[in-house]
Amino acid sequence: MSYDRMLKSETQLKNEIEALLAQAEATDVKEEAAFGIPGGTTTSPVSSPRRTSRLAKIKRAKRTSRKRPGAGS
């Protein structure tokens, strides 16, 4: 994966994760209002481990490529 492509993928994954978390938060608020369940310590199935894992790999690859001479070309 090229450095430019990593940057694009990183931005896209961050946006997807933020959107999923926002959607989960909105659902929690609606369900709490409808069912009277106070905000608890529930975990959301939409916090995709695959996306967060891929984002972490991209960040590691970016750090590695920055350390190499001539990286990012």
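## Core, salt bridges and a charged patch

The largest nonpolar core has five members: M6, L13, I17, L55 and I58. A nonpolar core is a set of buried Ala, Val, Leu, Ile, Met, Phe, Trp, Tyr and Cys residues joined through side-chain atoms within 4.5 Å. Two elements each give two or more residues to this core: α1 (3-35) and α2. The most comes from α1, with three residues. Helices here are DSSP runs of H or I with at least four residues, numbered from the N terminus.

This is a predicted model, where local features need pLDDT of at least 70, side-chain atom pairs count only at pLDDT 80 or more, and totals for chains, interfaces and linings use all residues. Residues are numbered from 1 along each chain as its sequence is written, and side-chain values use heavy atoms, with hydrogens and water left out.

**Residues of helix α1**

M6 sits in helix α1. Its relative accessibility is 6%, so M6 counts as buried. Buried means under 20% relative accessible area, exposed means over 50%, and partly exposed lies in between (1.4 Å probe, protein chains only). M6 and I58 are 52 residues apart along the chain, yet their C-alpha atoms are separated by 6.1 Å.

L20 is also placed in helix α1. At 19% relative accessibility, L20 counts as buried. L20 and S48 are 28 residues apart along the chain, with 8.4 Å between their C-alpha atoms.

**Salt bridges**

How many salt bridges does a search of the whole structure find? The search finds two. A salt bridge is a side-chain nitrogen of Lys or Arg within 4 Å of a carboxyl oxygen of Asp or Glu.

| Salt bridge | Closest N and O atoms |
|---|---|
| K14 with E10 | 3.7 Å apart |
| E10 with K62 | 2.4 Å apart |

K14 and E10 are four residues apart in helix α1, so about one helical turn separates them. Together, E10, K14 and K62 are linked in a network of salt bridges.

Are these residues buried or exposed? E10 is buried, at 7% relative accessibility. K62 is buried too, with a relative accessible area of 9%. K14 counts as partly exposed, at 34%.

**The positive patch**

Which residues form a positive surface patch? They are K57, K59, R60, R63, R66 and K67. Patch residues have over 30% relative accessible area and no salt bridge; like charges are joined within 9 Å, and nonpolar side chains (Val, Leu, Ile, Met, Phe, Trp, Tyr) within 5 Å. Lys and Arg count as positive. The place of a charge is taken as NZ of Lys or CZ of Arg.

K67 lies in helix α2, which covers residues 49-67. With a relative accessible area of 72%, K67 is exposed.

How values were computed
Accessible areas come from the Shrake-Rupley method with a 1.4 Å probe; for residues, only the protein chains shown count as cover.
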